[in-house]
Amino acid sequence: MDEPRIILHGTEYSGHAHRVVLLLRILEIPFRFANAPDEVRRSAEFLRLNPLGEIPVLQDGVLVLPDSNAILVYLARRYAPGSQWLPDEPVAVARVQRWLSIAAGQLMYGPSVARRIVQWSYPADHRQAVEIAGGLLRFMEAHLAQQPYLAGEEATIADLACYSYTAHAPEGGISLEPYPNVRRWLARVEALPRFQPMRSSPLPGAAASPG
Ligand SMILES: N[C@@H](CCC(=O)N[C@@H](CS)C(=O)NCC(=O)O)C(=O)O
């Protein structure tokens, strides 16, 4: 069988990589997943792909593109132009961008960091991460009372960007029980075509890092 044109460097515990996997599967784009744990990310070969040493990185032919949200934007425009996943209309695309910013902001420094602390002993302040997560989840709960998806009536890359670390917040000691609208939204994302869950974290200390 031919090698797929697209390679996604990530790990199975990385929510940043998982959001890209979700879109690749929804759009039925063939790809190869290249596992890139800590030691790979520190290699000279990987640092040539992303000098920041972070996953995910997408390779599409000669294109090398790091950063999960940049990759979502690229894939939506390149492989699904004019689709619901990244609308053209100015206000609609700005609404999507708002949630991509939240995914790189409060979602990262709240639920994602809390999970890294609990599962992989990441050196950061758990209390602060829980506080950030609480503010975000309360906002999402109110927001999702008004609309089914984060950027409006249809699923977009905003939902994919925010799904993985929200769904796995309990692995960071953050309960989703108080947030029924958030849980209904997670179920909507899980009902999207070819949805595949992210692997649950191992017990604390079982792996060096999420990636
Ligand atoms: N802004 C980046 C952040 C990605 C990120 O934080 N990736 C983590 C793994 S989930 C990473 O590779 N961290 C560096 C490390 O752990 O060595 C993105 O959205 O892709």
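Residues are numbered from 1 along each chain, in the order in which its sequence is written. Because the model is predicted, local features need a pLDDT of at least 70 and side-chain atom pairs count only at a pLDDT of 80 or more, whereas totals for chains, interfaces and linings use all residues.

The secondary structure of the protein consists of nine helices and four strands, where helices (H or I, at least four residues) and strands (E, at least two) are DSSP runs numbered from the N terminus. Read from the N terminus, these elements follow the order β-α-β-α-α-β-β-α-α-α-α-α-α. The radius of gyration of the protein is 17 Å, close to the 17 Å that the globule rule gives for 211 residues, so the protein is as compact as a globular protein of that length; the radius is taken over C-alpha atoms, and the rule is 2.2 Å times the number of residues to the power 0.38. Along its principal axes, the C-alpha trace spans about 45 × 45 × 25 Å. Buried residues account for 38% of the 211 residues, a residue being buried if 20 or more other C-beta atoms lie within 10 Å of its own, exposed if 12 or fewer do, and partly exposed in between, with C-beta atoms placed from the backbone. Among contacts between residues at least 6 apart in sequence, 71% join residues at least 24 apart, and two residues are in contact if their C-beta atoms, placed from the backbone, lie within 7 Å.

The domain assignment gives domain 1 (6-79) and domain 2 (90-190), with bounds that come from an automatic or database domain assignment. The C-alpha centres of domain 1 and domain 2 lie 21 Å apart, and ten residues of domain 1 are in contact with eleven residues of domain 2. On the side of domain 1 that touches domain 2, helices α1 and α4 each supply at least two residues. By class, that side of domain 1 has five nonpolar, four polar and one charged residues, where Ala, Val, Leu, Ile, Met, Phe, Trp, Tyr, Cys and Pro count as nonpolar, Asp, Glu, Lys and Arg as charged, and the others, Gly among them, as polar.

The largest nonpolar core has 50 residues, of which Val-20, Leu-23, Leu-72, Trp-99, Ile-157, Ala-158 and Ala-161 touch the most other members; such a core is a set of buried Ala, Val, Leu, Ile, Met, Phe, Trp, Tyr and Cys residues joined through C-beta atoms within 7 Å. Two or more residues of this core come from each of α1, β3, α4, α5, α6, α7 (126-143), α8 and α9, and the largest share, eight residues, is given by α8. Domain 1 (6-79) and domain 2 (90-190) both give residues to this core, so it lies between them.

Helix α8 (residues 157-167) is largely enclosed by the rest of the structure, because eleven of its eleven residues are buried. Among these buried residues are Ile-157, Asp-159, Cys-162 and Tyr-165, and what covers the buried residues of α8 includes α1 (15-26), α4 (68-79), α5 (90-104), α6 (106-120) and α9 (180-190).

Helix α1 is also mostly covered, with eleven of its twelve residues buried. This helix reaches 16 Å from its first C-alpha to its last, close to the 16 Å expected at 1.5 Å a residue, the expected span being 1.5 Å times one less than the number of residues. The buried residues of α1 pack against β1 (6-10), β2 (31-35), β3 (57-60), α4, α6 and α8. Leaving aside neighbours within four places in sequence, Leu-23 is in contact with Leu-72, Leu-75, Ala-76, Trp-85, Ile-157 and Leu-160. Ile-26, which is also in helix α1, counts as buried because it has 20 C-beta neighbours inside 10 Å. Not counting residues up to four places away in sequence, Ile-26 touches Leu-192, Pro-193 and Arg-194, and its C-alpha atom is separated by 7.3 Å from that of Phe-195, 169 residues apart along the chain. After α1 comes Glu-28, whose phi is positive, near 55°.

Pro-66, by contrast, is found in strand β4 (residues 63-66) and is partly exposed, with 17 other C-beta atoms within 10 Å. Not counting residues up to four places away in sequence, Pro-66 touches Leu-49, Asn-50, Leu-52, Glu-54 and Val-57.
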